[in-house]
Amino acid sequence: FYNCHTDAYVVIGRTRFTVKELKGLEPGDLVVLEDSNLQNLTLYIRDETKTILINPNMDLELPFDEINGGNEMAGDAEAKNLWDSIEVDMYAEINPVKISLGDLKKIEEGLVVDVAALYDNKVTLRVENKIIGYGELVIVNDRYGVKITDIEEKAPAQQAIPAVKTSVAAE
C-alpha cells in the first residue's frame, strides 16, 4: 500500500489577465503570479488539496537587470471590445509528479517538504483548465513567476485538474 504511487498536481500560483493581455503573450514574456507564496505550494491529489511548506530555491531568482521593471501590457488596459476586457484567472502548475502513498501519509501540518526535483520540471500555464502555454519557474522579488517558453496556438484536449472538494492547509 505505502509503495503505491498516485499523480499529484503542484500548483504554484495564480494571476488575473484580460483576454486581450492573454492574446498578447509571447515566448520570452514574464508572468508574475500575484497569488503565490515562496514558502508553499498546493498539491492537488484526486479531489483533495494540501498546502505544503517548502524552502524556495533561490537559484531561480532573476537578476534585477533581467526584469523590465513594469508590465508592458498595462499601457493597453483599454480594450477595443467587451470580450477583450473580460478578466480570467491563469494558473501555473508543475507537470504532474508521482508520489507514493507512504510519502503522502508522512506530509503533516508544519512539515517542510523537499521538492527540489519539482524545480526542474516544465511549468504549464492554464486558463479554464485549458493549456495556453509553457515556461520555466523563476522568482521575482517575493513571488513566483513564469518565463514563457511556448504559447499554444490551438491546444488539443488536455487533462484537467480534478475538481477540489476540501482544502487542508499546513501553516
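I started with aspartate 89, which is partly exposed at a relative accessible area of 21%. My scale here: buried is under 20% relative accessible area, exposed is over 50%, and partly exposed is in between, with a 1.4 Å probe and protein chains only.

A note on the ground rules: this is a predicted model, where local features need pLDDT of at least 70, side-chain atom pairs count only at pLDDT 80 or more, and totals for chains, interfaces and linings use all residues. Residues are numbered from 1 along each chain as its sequence is written, and side-chain values use heavy atoms, with hydrogens and water left out.

**Overall layout**

I looked up the secondary structure next and found 2 helices and 10 strands. These are DSSP runs numbered from the N terminus, helices being H or I with at least four residues and strands E with at least two. Along the sequence they read β-α-β-β-β-β-β-α-β-β-β-β. Of the 171 residues, 38% count as buried.

**Strand pairing**

I count strands as paired if DSSP finds at least two bridges between them. Strand E1 (residues 5–18) runs antiparallel to strand E6 (residues 87–100) over 12 bridges, and valine 10 has isoleucine 94 in E6 as its bridge partner. E6 also pairs with strand E7 (residues 123–127), again in the antiparallel sense, over 5 bridges. There, glutamate 93 has threonine 124 in E7 as its bridge partner.

**Salt bridges**

How many salt bridges does a search of the whole structure find? I got 7, taking a side-chain nitrogen of Lys or Arg within 4 Å of a carboxyl oxygen of Asp or Glu.

Back to aspartate 89: its partner is arginine 16, with the closest N and O atoms 2.6 Å apart. Arginine 16 is in strand E1 and aspartate 89 in strand E6, so this pair ties together parts 73 residues apart in sequence. Arginine 16 is partly exposed, at 36% relative accessibility.

Aspartate 84 and lysine 23 also meet in a salt bridge, at 2.7 Å from N to O. Aspartate 84 sits in the loop between strand E5 (48–53) and E6, and lysine 23 in helix H1 (residues 19–23), so parts 61 residues apart in sequence are tied together.

I then checked glutamate 93, which bridges to arginine 126 at 3.1 Å between the closest N and O atoms. Glutamate 93 is buried at 2%, and arginine 126 is buried at 6%. I also noted one network of salt bridges with shared partners, joining Arg14, Arg16, Asp35, Glu87 and Asp89.
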